[in-house]
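Please examine the sequence and the structure before reading on.

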2 protein chains.
Amino acid sequence: MKKKTLPLSNVYKLLEPGPVVLVSSCLNHHANIMTMSWQTMMDFEPPVIGCVISNRNYSFDMIKKTKQCVINIPDMSLAKQVVACGNSTGRKVDKFNKFNLSATPAAMVKAPLIDECFANLECKVIDTRMVNQYNLFILEVVHAWVSTSSKKYKTIHHAGNGVFVVDGKIIKLPSKMK
Amino acid sequence: MKKKTLPLSNVYKLLEPGPVVLVSSCLNHHANIMTMSWQTMMDFEPPVIGCVISNRNYSFDMIKKTKQCVINIPDMSLAKQVVACGNSTGRKVDKFNKFNLSATPAAMVKAPLIDECFANLECKVIDTRMVNQYNLFILEVVHAWVSTSSKKYKTIHHAGNGVFVVDGKIIKLPSKMK
């Protein structure tokens, strides 16, 4: 998918609505993908993100060791792959290969971008103090990519047990909120 | 609105999709409301939530001092009040009165429930170690309420600058994910 750089000041607009994301990581030339819904914005610019990654996940050690990952945002057309990535482990499966997802090089980190996702946020881990107790990683987005297409991508939001809410209509209200 | 107790094990299903919420707090018999979108689940049961509350907000001191709040989940019918609460400050305005929102007593905390919201999560602050650096409060949900109605409430998700995405269609995929 053709991508362009997204200004870092606009990253929060992608994550604040709460989409399911795919986190890619890479250790010793082995790349993996995990499905994640437990993340929040923590600052606008540079964008800071807090995310909870279970220490039972294969990705946990990869991200803890490399201090890098990419948060990839899938639209609804990737829902089956999102669930497939959540239902399997990188200990047993090469998820890029098995689920037909394409790894492309990132600009600032060694973890790959997932090409089929309409946005990719290259992240570095900036604080691990809450990892032991809460599995909470604090990340800074160091480079962001978004599709050059004008298509309105609809994201999906996990409501538990494989139930997903797809983005519906958009409303605009006069707001002073950022 | 008529409510029933929601089992704590189901709280994540409400927050994981990333809705905008209204946070109510109370200090010295003065109650306030703030609009929030920067929150994430951190554990299933008891439900633990991480949320970022700017130290410029009137609610920041109220929650830091009382170590209590309620996370109220509005549906799309409350979108105007959500924006109005985000555009004003409790330093100058009694938001319950001005925006026609009803404060009802909570079971476990002194902060009130917002009656018009279809779900209310009574929370206690359990960890403030990241408040100084990141404005990150870690909360535990101690009691949860949900409407007794079978209506499918559609939540709203903030995409920046007063743009909100409303819940659309629901898809169910065979998932081993919780």
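In what order do the four strands form an open sheet? In this predicted model, the order is β11(A)-β12(A)-β12(B)-β11(B), and the pairing is antiparallel. The edge strands are β11 (156-158) of chain A and β11 of chain B, each of which pairs on one side only. From one strand to the next, the twist averages 45°.

Strands of a sheet pair through backbone hydrogen bonds, either parallel or antiparallel. Strand β12 (residues 163-172) of chain A and β12(B) run antiparallel and are joined by seven bridges. The table lists residues that stand opposite each other in these strands.

| Residue of chain A | Residue opposite, in β12(B) |
|---|---|
| A:Lys172 | B:Val163 |
| A:Ile170 | B:Val165 |

The contact between the chains also involves other elements. In total, 43 residues of chain B are in contact with 43 residues of chain A. On the side of chain B that touches chain A, at least two residues each are supplied by α1 (11-15), β4 (39-43), β5 (48-52), α3 (79-86), β11 (156-158) and β12 (163-172) of chain B. The largest share of this side, 10 residues, comes from β12(B). Sorted by class, the side of chain B that touches chain A has 21 nonpolar, 14 polar and eight charged residues.

How are the two chains related? Chain B is superposed on chain A by a rotation of 180° with 0.0 Å of shift along its axis, at an RMSD of 0.0 Å. That is the relation of a two-fold axis. Moreover, 100% of the interface residues of chain B are also interface residues in chain A, so the copies meet through the same surface.

Key
Residues are numbered from 1 along each chain as its sequence is written. Chains are lettered from A and ligands numbered from 1 in the order in which they are written. This is a predicted model: local features need pLDDT of at least 70, side-chain atom pairs count only at pLDDT 80 or more; totals for chains, interfaces and linings use all residues. Copies are superposed by least squares on the C-alpha atoms of residues with pLDDT of at least 70 in both. Two residues are in contact if their C-beta atoms, placed from the backbone, lie within 7 Å. Ala, Val, Leu, Ile, Met, Phe, Trp, Tyr, Cys and Pro count as nonpolar, Asp, Glu, Lys and Arg as charged, and the others, Gly among them, as polar. Two strands pair if DSSP finds at least two bridges between them. Axes are lines fitted to C-alpha atoms, for helices over the stretch in contact, and angles run from 0 to 180 degrees between N-to-C directions.
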